[in-house]
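Subject: The structure I promised you

Hi,

Here is the structure we talked about, with its sequence alongside. Have it open while you read the rest of this email.

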Amino acid sequence: MAGVNKVILLGNLGADPEVKYLEGDKAVANIRLATTESYKDKSGNRVDQTEWHDLEMWDGQAKIAEQYLKKGMQIYVEGKIKSDTWQDDQGQNRKRTKIRVISFTMLGGKPEGGSAPSQPSSAPQQARATSPAPMSSAPDMVMDDGDDDLPF
């Protein structure tokens, strides 16, 4: 029986993407995404609980992220959990869990500085690719300037 490894996240970027270029014009972007859940405690006080996720995007997605994603923007992400294990300099075993992005959609929100970046009308809204693969053309992006009460 086959398993399922699927993650769906909706959150805000904690920083601009960090993009590195490797041999053969391959690009990888690392991004921090915050998801926040709110609930009321027994006293009726609102409690916000934020979880941070490490995202990894490759090739075309990485290049789109580098060009259009900015700190504070809200994105919808579909991906899969990927774990890396290694030994550090002291011989200790280490493990890191990240989300390998399969597709993402820019939803808008306010990036750092309080206003949406100016985007050309051909800016992509959704980047979809299977595990590291070149991007195909994407539809136009629509930014939402809604007033979010998020701390980004």
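Below is what turned up when I went through it, starting with the overall layout and then moving to individual residues.

One thing to keep in mind: this is a predicted model.

**The layout**

The protein has 1 helix and 7 strands.

**The core**

Which residues touch the most other members of the largest nonpolar core? They are L55, M57, L69, I75, V77, F104 and M106, out of 21 residues in that core. At least two core residues come from each of these elements: strand 1 (7-13), strand 3 (27-40), strand 4, helix 1 (59-68), strand 5 (74-87) and strand 6 (93-108). As background, nonpolar side chains in soluble globular proteins tend to be buried together.

Beyond its neighbours within four places in sequence, M57 is in contact with A27, V28, A29, I31, A62, A65, L69, V101 and F104.

**A histidine in strand 4**

Next, find H53, which lies in strand 4 (residues 46-58). Is H53 buried or exposed? It is buried, because its relative accessible area is 16% and the cut-off for buried is under 20%. The H53 side chain makes a polar contact with the side chain of T35, at 2.8 Å. Setting aside residues up to four places away in sequence, H53 touches L9, I31, R32, L33 and T35.

**Salt bridges**

How many salt bridges does a search of the whole structure find? The total is 10, and three of them are worth a look.

- D59 and K26 meet through their side chains, at 3.2 Å from N to O. This pair links distant parts of the chain: D59 sits in helix 1, while K26 is in the loop between strand 2 (18-21) and strand 3, 33 residues apart. D59 is buried, with a relative accessible area of 10%, whereas K26 counts as partly exposed at 35%.
- E56 and R100 form another salt bridge, 2.6 Å from N to O. Here too the pair links distant parts of the chain, with E56 in strand 4 and R100 in strand 6, 44 residues apart. Both ends are buried: E56 has a relative accessible area of 5%, and R100 has 11%.
- R94 pairs with D88, and their closest N and O atoms are 2.9 Å apart. R94 is partly exposed at 42% relative accessible area, while D88 counts as buried at 16%.

There is also a network to trace: salt bridges that share partners join E56, K82, D84, K98 and R100.

Cheers

Notes
Residues are numbered from 1 along each chain as its sequence is written. This is a predicted model: local features need pLDDT of at least 70, side-chain atom pairs count only at pLDDT 80 or more; totals for chains, interfaces and linings use all residues. Side-chain values use heavy atoms; hydrogens and water are left out. Helices (H or I, at least four residues) and strands (E, at least two) are DSSP runs, numbered from the N terminus. Buried means under 20% relative accessible area, exposed over 50%, partly exposed in between (1.4 Å probe, protein chains only). A polar contact is a pair of N or O atoms within 3.5 Å; within protein, one must be able to donate a hydrogen and the other to accept it, and residues adjacent in sequence count only if both atoms are side-chain atoms. Contact means heavy atoms within 4.5 Å. A nonpolar core is a set of buried Ala, Val, Leu, Ile, Met, Phe, Trp, Tyr and Cys residues joined through side-chain atoms within 4.5 Å. A salt bridge is a side-chain nitrogen of Lys or Arg within 4 Å of a carboxyl oxygen of Asp or Glu.
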